[in-house]
Amino acid sequence: MLYGYNGKFIEVDLSNEKISIEKIDEQILREYIGGRALASKILWDRLGNKWEEVDPLGPENLLLFLTGPLTGYFPGARICVSGKSPQSNGIVGSTVGGNFAMELRCAGYDGIIVSGEAKKPVYLFIKDDFIEIKDASHIWGKRGIDTIKILINETLKDLSNKWSWKGLWKDPGILYIGPAGENKSRIAAVMSKWSHAAGYGGYGGVMGSKKLKAVVVKGSNSLPPVANKEKVLSLIAEVCRVSIQEKDDWRRWGTGYGGYGVGADTSSEPIRNWQEEWHDNKSFGVDKFEERVWIKRYWGDDGCPTTCLKLSAIKDGEFKGAITDNPDYELQAYLGTNLGIFTPEGNVYVASVVDDLGLCGIQGGNVLGFAAELYQRGILTKKDLGIELEWGNPKAFAKLAEKIAYRKGIGNILAEGTYRAALKLSKRKKIDLMKYAVQSKGIAIGAHGIRSGLDYPPIIAYACSVQGGDHTSVAGLIREELWKCELSMLFADSGVVCSFNVFKLDWLWDFLEAVTGWNITKEEWYEKIAARVLAIQRALLLLGGPDIYWDPRIHDENPERFYEPLPSGPKKGKATDKEDFLKTKSEYYKTLGWDEYGIPTSETLNKLGLKDVDNVLQKIRNKIYSS
């Protein structure tokens, strides 16, 4: 018997309006678990032999929404969104919280696979066995808050009419896109719950390219059965106990503590497009957020004991009406300090605009900071931007975010993300602007710098990650710590669980055995399963295409800015050590069984059962070895 899975996946071909139910063999589920790992397997099998020709924003690309066997059991449910990324042209596994994953699991499915392109805007409605492609013309063009309001009201009315004997219905799970996704911005997010986002990868743009405005799901069944119910209940209680009794600071402040602490304590927070990484501006302390903008504390997703989310709203003044969650550390940094904004009100305002437009806060904040530095240096002018883009001006940055979401004027270039915008503007201005672009493989760096050496990302964190600048999947081989090891984080993304609740790494393996009955050891995970997935992600990242390709000799590298000495703070003068970086990168490749350029060797791939991947990678080896 299959434990921990429903064993069913919804497959939707939007071009032909065809819906089917697919099953995936149990052996494949055991070898790839779910979420990010299973996405890699599906994408390799279906698109691997033509990967370079597949346009991420074309109908051939697949859009995947996948849960994992631990989703709903491990406290704090999330879902993994994946496909060929329009940012990196590789695979990114991007997870988002909210009630969508639980509703999908309770509807009887482990995931959704979407292909093709609809003729007109649509949304997908799922209620247990009832699945329907519905017209979305009336919500196409709507921003986030309006989209959610309309879909909730419409869905609850529909549920009450068709299944009236079930009584009152709670809100459905909804994933959707805003105007940024509709306009196929590469920095658009797949949104949930107004302000939750799967931002890495640019999959909001993929939804837009398929004219898929939203997916709405309501499940009325139970989660799938588990192998050892008593053990699962015991583990759930342990995670909740530790969260409530031993992690009170985490619950009290959430990641929002970092808005002040990461700058002041570890000198690793982006400030004015990473020109600095230190500040001690107490106006941006988490206590000021609590006093002035938090209207709801201890807010969590389904089954989450940590409840690190906070709801913020501006009740009066020039930003009255702005509403968003927290903002969490990443948005405090990228839509706050990175733009020279050091007030909670200004930060909440810009975050609320970015959320409502459906832009990723990290990718959006990165490209806004990039544009502002070009304005600071006189490279972009008011004539180029249509705005006086001065540091610390929330309204100016909100106006530019609007231009990006709707691809108006300069926004059409910036909607391509920092890397592609730097290429295009360098050509237009006849000057190399890449030195101001703080990204890796087309993906904005997470808001944790490596120059001071005091924050958690290893020196190779972003340069060698198969997910580019993703701060939740940093390259490193320290297996005892979740946040410093990409192989460990792969488990959380494949489980699929909220890593903010993983205070002990052993919980993950214990949970997996209790839920599925599979005795997958740490060694099997690190040496076979995770190594196999990392090799597939690496291979497809190197294959890339069709517009941009990555040469590991050039692009397995830190942004130029990280080699500039820090200009301020207790770590003033410190920069990334190039010799240390090159030595660590070499050790990392060697440990994974990759060659000196970071290409998985034939011996490694054959050992992992990936002979077909080896055959395709030979063209990359031929190109690099001969030049």
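**Close-ups of a predicted model**

**View 1. Helices H2 and H20 are oblique to each other.** Two packed helices are described by the angle between their axes and the distance between the axes. For H2 (residues 35-47) and H20 (residues 522-543), the angle is about 50 degrees and the axes lie 9 Å apart. The crossing of this pair is left-handed.

**View 2. A closer look at which residues make the contact between H2 and H20.** From H2 come Arg 36, Ala 37, Ser 40 and Trp 44. H20 brings Val 533, Leu 534, Ile 536, Gln 537 and Leu 540. Sorted by class, this contact has 6 nonpolar residues, along with 2 polar and 1 charged.

View 3. Cys 240 is in no disulfide, and the nearest cysteine sulfur, the one in Cys 304, is 8.5 Å away. What about Cys 304, and which cysteine sulfur is closest to its own? That would be the sulfur of Cys 498, at 5.9 Å, which is too far for a bond, because a disulfide needs the two sulfur atoms within 2.5 Å. Is Cys 304 buried or exposed? Cys 304 is buried, with a relative accessible area of 19%, so it falls under the 20% cut-off.

**View 4. Gln 618 sits in helix H24.** This helix covers residues 611-625. Gln 618 is partly exposed, its relative accessible area being 33%. Zoom out to find Gly 204, which is 414 residues from Gln 618 along the chain. The C-alpha atoms of these two residues are separated by 33 Å.

Note on methods
Residues numbered from 1 in each chain as written. Predicted model: local features only at pLDDT ≥ 70, side-chain atom pairs only at ≥ 80, totals over all residues. Heavy atoms only, no water. Buried < 20%, exposed > 50% of the residue type's maximum accessible area, 1.4 Å probe, protein only. Axes fitted to C-alpha atoms, helices over the stretch in contact; angles between N-to-C directions. Helix = DSSP H or I, 4+ residues; strand = E, 2+ residues; numbered from the N terminus. Parallel < 35°, antiparallel > 145°, perpendicular 65-115°, else oblique. Left-handed = near helix turned anticlockwise from the far one by under 90°. Contact = heavy atoms within 4.5 Å. Nonpolar A, V, L, I, M, F, W, Y, C, P; charged D, E, K, R; others polar.
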